[in-house]
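Please consult the sequence and the model together while reading.

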Amino acid sequence: MEAYGMAGHLIRRLNQISTQVFSRRMQEAGYDVTQVQFAAMDALAAQPGIDQAGVATLIAYDRATIGGVIDRLVQKGFVARKVSKKDRRAREVRLTDEGTRVFQEILPIVSNLQEEILLGLEPDERTAFLSLARKAVSTAEDGTLQPDAQP
């Protein structure tokens with residue numbers, strides 16, 4: 001089967017591995033947070049008060065479904081949302097005190113599980129892989145492939 005060696009298949013498999021490792025480590029630590037929720041919390045930690053569309057852009061997530069991600073974070077008490085004073089159609093979001101506390105507790109766990117995702121690679125190979133992955137993502141983002149674009 002030729003597909004097993006193709007980039008798309010290997011990237012999909014690596015995403016599956018990443019998701020499994022992340023979910024297992026969060027569950028073991030007693031947190032109910034997905035990878036996308038963590039990415040949204042990271043964006044909010046970096047830019048408190050950003051609107052939902054801005055969060056979607058920062059984490060390369062679909063604008064149509066970011067509201068559901070934010071809804072779940074609000075339900076968990078990790079995020080507060082309010083109508084923007086600048087644009088009443090926009091919703092500003094920020095981490096709550098509880099969200100900040102949880103994010104700070106989760107961050108080292110997520111940092112540590114990165115090596116587990118690339119377990120078979122030596123440190124210099126991980127560095128090379130990450131450099132190449134950043135280059136591929138950057139090139140795709142600078143070209144025609146955007147998160148909301150349809151192929």
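Is Arg24 buried, partly exposed or exposed? Arg24 is partly exposed, with a relative accessible area of 35%; here buried means under 20% relative accessible area, exposed means over 50%, and partly exposed lies in between, with a 1.4 Å probe and protein chains only. The model is predicted: local features need pLDDT of at least 70 and side-chain atom pairs count only at pLDDT 80 or more, whereas totals for chains, interfaces and linings use all residues. Residues are numbered from 1 along each chain as its sequence is written, and side-chain values use heavy atoms, with hydrogens and water left out.

**Salt bridges between helices**

- Eight salt bridges are present in the structure, a salt bridge being a side-chain nitrogen of Lys or Arg within 4 Å of a carboxyl oxygen of Asp or Glu.
- One of them joins Glu116 to Arg24, with the closest N and O atoms 2.8 Å apart.
- This pair links distant parts of the chain, since Glu116 belongs to helix H5 (residues 97–117) and Arg24 to helix H1 (residues 7–29), 92 residues apart; helices (H or I, at least four residues) and strands (E, at least two) are DSSP runs numbered from the N terminus.
- Glu116 also forms a salt bridge with Arg25, where the closest N and O atoms are 2.9 Å apart.
- Because Arg25 lies in helix H1 and Glu116 in helix H5, the pair ties together parts that are 91 residues apart in sequence.
- Arg25 is partly exposed at a relative accessible area of 24%, and Glu116 is partly exposed at 21%.
- A network of salt bridges links Arg24, Arg25, Glu28 and Glu116.

- Arg101 and Glu98 form a salt bridge, their closest N and O atoms being 2.6 Å apart.
- The two residues are three residues apart in helix H5, so about one helical turn separates them.
- Arg101 is partly exposed at 39% relative accessibility, and Glu98 is partly exposed at 34%.

**Helix H2 and its cover**

- Helix H2 (residues 35–46) has 12 residues and should span 16 Å at 1.5 Å a residue, which agrees with the 17 Å between its end C-alpha atoms; the expected span is 1.5 Å times one less than the number of residues.
- Its buried residues are Gln37, Phe38, Ala40, Met41, Ala43 and Leu44.
- The cover over the buried residues of H2 includes H1, helix H3 (52–58), helix H4 (63–75), strand E1 (79–83), strand E2 (91–95) and H5, contact meaning heavy atoms within 4.5 Å.
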